[in-house]
Amino acid sequence: MGAIAAAAAVTQAGVAAAAPGGGGHAPARGAVEAAVRDGVPGVTATAVDRHGTWSATAGTGDLRTGTPRSTADHYRVGSITKTFISTVLLQLEAEKRLSLDDTVDTWLPGVVSGNGNDGTRITVRQLLNHTSGIFNYTADEDFGATYLAKDGFLRHRYDTVTPEQLVAVALSHKPDFAPGTSWNYSNTNYVLAGMVIEKVTGRSYASQIRDRIIKPLHLHATSLPGTRVTVPGPHSRAYSKLAETTTGPTYDVTSLNPSWGSSAGEMISDSADLNRFYTALLRGRLLPREQLEEMKSTVRIDGFPDGGYGLGLLERKLSCGVQVWGHDGGIHGSISVAVTTTDGRHSLAFNLNGDWTGDVEAVVEAEFCGTRPPAASPSQGLSPSLSDRL
C-alpha cells in the first residue's frame, strides 16, 4: 500500500458554475477521497444535477509514474454492459420483432440443453432478470482458475473465448433452480441474451448497441472492444490483487482480452457517457413507456430489502428515501457504478481502478443523500471474490 498512499494526492475539476466551490458535492468528494485512503489507487467521478456537471478525481492513475486520474478517463465498465443489452432487446420487443416471453429455444434451438437445463422452459425475460436458473459461468471453479485468478490470468489474459464456450461452461452444471422460481445473478444469462439479439437481427449485439444507442446519444467514449486488448485513451492503469484477498502484490491488469465477458460485460465507457446513457434511458428517450416500465419491473433479491433487479436495471432505495436506478460492474482492475434518479435529473457515474477495496455504496449515499461516510477500513465495501467479476 506504500506506493498507493504516496500517490494519493487529490485533484478536482469541472465544478458546476451554479454551485460555487462544489459545496453540494462535498460529501461525495469526501467519499471518493476515503476510498483512496482505504487503498484504492484512484477514483474518477462525475455527477449531473440541476446545477450542472461536477467532476472530481482522487489518487493516482498510474502507480509507476504517479500520474493522477482524469475526469475524462475511459475505463472497462463490466456488467454495466447488461443495461445496454437489455435496452436493445426491449427496443426489438417494441418493434414486434420478438416477445420477451418467447422461450430461449425459440431463438436458440437446442443451445440450452443437458444436465437438466431446458431452453424450452426459459424465457428471454428470465434471462434479463436473472430468474432463469442457469449457472453463472464465472462461478465455475476451472473457469475462475483459468481466467480470473493470478496464475491463469497471467497465462491466458490475451486468449479469445467465444460465447458458445462460455455457455458450455455453464451448461456443464445443473441449473441453480427451476426457471422463474428464484433469483440468482448469472453472467450466462446475458451471454445468451447477446446471442438472441444476433439471431433476431442477423447482426452482432455490438453493432446493434452502436447503431441504436451509442451513435444516437453521441457516446464518443463508449465502445465494445470485442477481442481488442487495449483501452482507448485517455485512460488510467487498472490494478488487481488477482486473488481473494485485500493484501499481497498488486498487478497491472490494464491490457486483457475482454471476450470472456462477452455481452455480459465487455464494454468500455467513461463517466460522462454513462450519465448521458442512464439519463436518456430513465427519461424515456430510448424506450417507449411500456418497455421502460417492463425494464423497471423488479424481482426482489434476498438480503437486499431496499431494492430489486429489473431487466438489466438495478433499483435501490437509499437511506434518505431517494430511489435510484442503474447498474454496477467489475472486471479485472476496474469497479464501476452508474446510477440515476427515477426522473433522470440527477445522475452519478464513477470508477475505481483497483478491484479489492473501496466502499462504493458510501459514494452513492454521499452524492444523493448528502451524508459524509464514516471512516471505513480497507476490508469494507467490495467483496474480493473472484467469481463476482462482471
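Predicted model: local features only at pLDDT ≥ 70, side-chain atom pairs only at ≥ 80, totals over all residues.
## The second largest cavity

Sorted by class, its lining has 4 nonpolar, 2 polar and 2 charged residues.

## The largest cavity

How many cavities of 30 Å³ or more are there? The count is 2. The largest cavity holds about 100 Å³ of space. Its lining is made of 15 residues, and those closest to the centre are His74, Tyr75, Arg76, Ser236 and Ala238. Two strands, β4 (75-76) and β15 (347-352), are the elements that each give two or more residues to this lining.

The class make-up of the largest cavity's lining is 4 nonpolar, 8 polar and 3 charged residues.

## Helix α14

Now for a helix to look up in the structure. Why is α14, residues 360-369, described as largely enclosed by the rest of the structure? Because 9 of its 10 residues are buried, with under 20% relative accessible area as the cut-off. The buried residues are Val360, Ala362, Val363, Val364, Glu365, Ala366, Glu367, Phe368 and Cys369.

At the start of α14, Asp359 brings a side-chain oxygen to within 3.3 Å of the backbone nitrogen of Glu361. Just after the helix comes Gly370, with a positive phi of about 75°.

Key
Residues numbered from 1 in each chain as written. Heavy atoms only, no water. 1 Å grid on protein atoms, 1.4 Å probe; cavity = no way out; pocket = protein on both sides within 12 Å on 5 of 7 lines; lining within 4 Å. Points joined across faces, edges and corners; volume = space filled by probe spheres on them. Helix = DSSP H or I, 4+ residues; strand = E, 2+ residues; numbered from the N terminus. Nonpolar A, V, L, I, M, F, W, Y, C, P; charged D, E, K, R; others polar. Buried < 20%, exposed > 50% of the residue type's maximum accessible area, 1.4 Å probe, protein only. Polar contact = N/O pair within 3.5 Å; in protein donor to acceptor, adjacent residues only side chain to side chain.
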